[in-house]
Amino acid sequence: MIDPQVLERHGLKPDEYERIKQFLGREPNLTELGIFSVMWSEHCSYKSSRVHLKTLPTTGKQVLQGPGENAGAVDIGDGLAAVFKIESHNPPSFIEPYQGAATGVGGIIRDIFTMGARPIALLNSLRFGSIDVPGTRRLLEGVVAGIAGYGNSIGIPTVGGEIAFEPSYAGNPLVNVFCLGIAKASDIIKGVASGVGNSVYYVGAKTGRDGIHGATMASAEFDEKSAEKRPAVQVGDPFMEKLLLEACLEVMQTDALVGIQDMGAAGLTCSTTEMGSRGGAGVEIDIAHVPQRESRMTPYEIMLSESQERMLLVVKRGREAEVERIFDKWDLHAVHIGEVTSDGMLRVKDKGTVVAEIPNRALTDEAPVYRRPMTEPEYLAEVRKLDLDVLTRDGLKAIPYSGVGDGLPPSRNASADHRSLGEGGQTVPGSQNTALLLLLGSATIGSKKWVYRQYDHMVRTNTINYPGFGAGVVRIKGTDRALALSVDGNGRYCYLDPYRGAMLAVAEAARNVACAGARPLGATNCLNFGNPERPAIMWQFAKTVEGIGAACRALDVPITGGNVSLYNETDGKAIYPTPVIGVVGLLEHADRVVSRRFHRSGDAIILLGEGHGELGGSEYLKVVHDLVRGGPPSIDLDAERALQDLLVTLATERLIHSAHDCSDGGLAVTLAECCFDTEGMGADVSIPGVEITRDPALNTAAALFGESASRVLVSVVPESATAVLERAAAANVPARMIGQTGGNLLRIAVAGQMAVDLSIHEAERVWNAAIERYFAKRVA
Amino acid sequence: MRFGIVVFPGSNCDEDAYHAAKDVFGQDAEYIWHKDTDLKGADVVILPGGFAHGDYLRTGAMARFSPIMGQVRAFVERGGPVLGICNGFQILLESGLLPGAMLRNRTLKYRCEHVHLRVEQTDTPFTSAAKVGQVLRIPIGHGEGNYFAPSDMLATLESNRQVILRYTDPNGELDPDSNPNGSVNAIAAICNESRNVVGMMPHPERACESLLGGVDGRMIFESVVETLARGPERPALQAVGRAF
């Protein structure tokens, strides 16, 4: 009955099947095979990634819970813990964008409240193909609506996030969702089943046939048949989850609960085996008691269903009535489906007849672990070459810019009349203005207001830094404190150099948090890659994990959990290797929070850090010259740490009015962003030149748009400028006063020559329209 | 005085209203479970924002059947002040305590942002501290806030001065681009005929602390605190024949 075709459908390899037979001492039945297939899938077992993930730093005095539980936790003072994690829902979001994204939000929220924490903030990190393609816009619209539909309804604000558009994600969009909750540090609850004879309860939505083999789907590549996999995507019900959330938090107030876990990937199978395994116990359930939405469901289907909004609870014997009463209040039906046993087995019965019997450890600790072969990808040698002199001579192109009279930003049209940027070594007048507008109007850099306006980002009345204003910041009611949250990643950098790209991602997320005035405490990571069975992908993965580890150690932000999403490829073409890092930071005084926006006319603008005109892998090369080449910017982690410490000091001492990190698009874009949403306040600055080529225009562009790391623009009242420069000198952070805020123009001189001279109004209009213009026509 | 905040299972701004009443304004506040039939001595009742029963049908369509709504109706008939915020406004419409209906936003998208509102009437318990024509900056967060009433009903509303707040530009001028959802006559808030029941789509409880980016929502809470403190002369205590 179990032939090679059956194995292949279950994503199991022949040698894995041999191991299954060894564990059981017999052939598995089909239900057991299904259970093995989901528990041994990449998604649940981390079989390719585990050896690498073990190298990450996961401890620190602030860490209350590291990886291995439903979420990680750090100490935030006052006896409180911040519980947080990031997770991917990539394949479902491609197949059915609304439900895929919505259930991703639902899943990560369950991971947080399962720990006994009240969820108070969501963030997300999204990747799509080029926005010029209609299919991308359909995906974007669906994903954003799905995140909004779930988060808004359940009442957890989406306070930040990031979105990037690159052709490599066209067939494999990324939807990574982050959630943070607050718990009493002493009351953190674990996903553990222990105490022989304790009751196992099922609560929440009924089990249907939706999502069967979702975890297996997340562990395979896409091909043209993927659209047919729709039944493997689940449907979300945020109202049911709201009831579960409130009821579970109420049950946790009693001490009747032993452990709890949500039924996420691999549903009832994963929750029973993982809880049993963590508690060193066995779990026996009878699926006849499992509430079912459809008739004639088989044990196989019930065990593998990924129907949403379901929880598994272990309740102390004798305390069942108390727990049932609380669920009743919320109109939820808690059903007794089994009990904890001493034999370490997962035993599944159907009306008393055993239909599956597997040692828990075979499904968890003893799951296969692979040390997959790795080789440096061949493409790297080619894409790392970036000889700007040669490229300029060969006609590096800039796109002429015809103004924004029609209210639309400039478009980079391949058939447009190209002009050489550095013809005869002369700067083409207005070319840097054009380049800046092109960048501001590009979907990756442009305003995301069209997106976050659809998210309720204010519910719970804690949000003190809104999305689009830097890190999302939420105050903690009942204390003076606040938490700053940021999710960041740069797939293009990692494609060009995964080790350095990963360090830059950690540094950027932590820097964003520090810009808000918060001390980074801990991190969570979501690692999105192609097929790990290909040595080049595995190499990217290993280098990325090394880079994350190095940066987290240097910046003292331990990884407390996360998620790995592999097989993100379509027809053999993988996405850019994309680690997304979520960092949580603590502000001791909520009212000292800092945002990106300039505050007041006449403030001094100070650049912390130094630019070296690094254009490799930059948005400038991509947007203006259609080039993905070179090495990403260098980074000195000690200098980064000093910068972040300085930012926290400056905010704590109330010395700065604003702080904004220089990243995508370099200093010029950063400066423009500081001016936006201020009702038109401009800035006039002068920065030093750099010399990276013989072409003066390209040198100017490198000074403006180079993406050198560890740089932040701050604005300060003129009387405080000296104090800020002194603090910087004491911290060994290079700092330079480059100009002041005011007027309604954005003016940047490079090496004494005016290079950018734009009206803020025009620049902001272009920036605001970057995404909205694609949808504007459909607004009634 | 005591604020009673009704909690439906899918309410999600209940804690925000409670926080505003209790922690910001220092008033007594009580949660009232929707299955209860006792207002716990509340002097003012708030129906908070959220998705009362998931609202997969129509927003607020099921909440009108919750047991507590009988007590809310009786409270209204006694002249007690009731404020419906966002989903609470939708529930008041579905319950017939306020006239009209909500449609999906003109853009068909949920919208969360600060808007400007012009105060049209000050003889309600929730706007008595304001001046007519005053412009408030308060956030909205809704997908179904496109207020609609048929033309005869609308004419009655206007002639009875039941339109309390309108969406305007920052200068208080009507402007189609400043109407975030397409509401007829730019209506953001209305009251009933006897003026003790007010429904508003914007969230005043999100604009009571400067840390949150604005304090213009305080006026709504200050009004009702003052009105109730003034005691029996309050106009809202007149007997009401018909809620609307």
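A:K13 counts as partly exposed, because its relative accessibility is 38% (buried means under 20% relative accessible area, exposed over 50%, partly exposed in between, with a 1.4 Å probe and protein chains only). A note on the ground rules: this is a predicted model, where local features need pLDDT of at least 70 and side-chain atom pairs count only at pLDDT 80 or more, while totals for chains, interfaces and linings use all residues. Residues are numbered from 1 along each chain as its sequence is written, chains are lettered from A and ligands numbered from 1 in the order in which they are written, and side-chain values use heavy atoms, with hydrogens and water left out.

**Exercise 1. Find the salt-bridge partner of A:K13 and say which parts of the chain the pair ties together.**

Step 1. Recall the idea: side chains of opposite charge can pair when their charged atoms come close. Here a salt bridge is a side-chain nitrogen of Lys or Arg within 4 Å of a carboxyl oxygen of Asp or Glu.

Step 2. The side chain of A:K13 meets that of A:E533, at 3.6 Å from N to O.

Step 3. A:K13 sits in the loop between α1 (4–9) and α2 (14–24) of chain A, and A:E533 in the loop between β19 (519–528) and α21 (535–555) of chain A, so the pair ties together parts 520 residues apart in sequence. Helices (H or I, at least four residues) and strands (E, at least two) are DSSP runs, numbered from the N terminus.

Step 4. Check the cover: A:E533 is partly exposed, at 35% relative accessibility.

**Exercise 2. Work out whether A:R511 and A:D661, another salt-bridge pair, are buried or exposed.**

Step 1. Their side chains meet at 2.6 Å, N to O.

Step 2. A:R511 belongs to helix α20 (residues 498–515) of chain A and A:D661 to strand β25 (residues 658–661) of chain A, so this bridge links parts that are 150 residues apart in sequence.

Step 3. A:R511 counts as buried at 3% relative accessibility, and A:D661 is buried with a relative accessible area of 3%.

Step 4. Now look for a network: salt bridges that share partners join A:R118, A:K242, A:E246, A:R460 and B:E15. Over all chains, the structure holds 63 salt bridges.

**Exercise 3. Trace the seven-stranded open sheet of chain A and name its edge strands.**

Step 1. Write the order: β8-β10-β7-β11-β9-β12-β13, with mixed pairing. Two strands pair if DSSP finds at least two bridges between them.

Step 2. Look for strands that pair on one side only: these edges are β8 (257–262) and β13 (353–359) of chain A.

Step 3. Zoom in on β9 (residues 282–286) and β11 (residues 334–341) of chain A, which pair in the antiparallel sense over four bridges. In β11(A), A:T341 is the bridge partner of A:G282.

**Exercise 4. Describe how chain B is built and how much of it is buried.**

Step 1. Count the elements: chain B has five helices and eleven strands.

Step 2. Next, its dimensions: the C-alpha trace spans about 45 × 40 × 35 Å along its principal axes.

Step 3. Of the 244 residues of chain B, 62% count as buried.

Step 4. Finish with contacts (heavy atoms within 4.5 Å). Among those in chain B between residues at least 6 apart in sequence, 77% join residues at least 24 apart.
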